[in-house]
Amino acid sequence: MSIQLLKTKEEFTKVLNNEPIFFLLKHSLTCPISATAESEYEQFSKHSEVPCYELFVQDARELSNQVASDYDVRHQSPQAILFKDQQVAWHDSHGAVTKQRLKKAVE
């Protein structure tokens with residue numbers, strides 16, 4: 001399944017209202033740790049039935065801050081967040097964003 005890019009609060013709200021479960025990756029375009037996490041996320045998404053979305057923190061700062069505020073998940077990047085039934089079911093960041101951890105989060 002391909003990763004879809006989110007840029008606005010409206011796009012996020014549409015996903016939140018239409019997907020019972022999905023991942024969101026907050027990705028920094030300038031951080032090497034984030035690049036590694038994005039690679040793991042991409043590998044995971046290729047074999048997952050769970051929809052995967054991504055935002056670039058530099059381009060979607062307002063959305064990134066809203067997610068942190070609305071769901072009481074301190075902003076970090078890279079950061080993977082699993083939403084289930086419009087709530088945060090799991091999240092982790094930095095080196096903990098791996099294909100195996102993402103897979104385990106949905107089991």
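Predicted model: local features only at pLDDT ≥ 70, side-chain atom pairs only at ≥ 80, totals over all residues.
**Entry 1: strand pairing.** I looked up the partners of strand β2 (residues 21-27) and found that six bridges join β2 to strand β4 (residues 79-84), the two running antiparallel. Strands here are DSSP runs of E with at least two residues, helices are runs of H or I with at least four residues, and both are numbered from the N terminus. Two strands count as paired if DSSP finds at least two bridges between them. Within this pairing, L25 has A80 of β4 as its bridge partner.

Residues are numbered from 1 along each chain as its sequence is written, and side-chain values use heavy atoms, with hydrogens and water left out.

**Entry 2: the other partner.** I found five bridges between β2 and strand β3 (residues 52-56), in the parallel sense. Here L24 stands opposite Y53 of β3.

**Entry 3: burial.** I checked β2 and found six of its seven residues buried, so the strand is largely enclosed by the rest of the structure. Buried means under 20% relative accessible area, exposed over 50%, and partly exposed in between (1.4 Å probe, protein chains only). C52 also counts as buried, at 2% relative accessibility.

**Entry 4: cysteines.** I searched the whole structure for disulfides (pairs of cysteine sulfur atoms within 2.5 Å) and found zero. The sulfur of C52 lies 20 Å from the closest cysteine sulfur, that of C31, which is too far for a bond.
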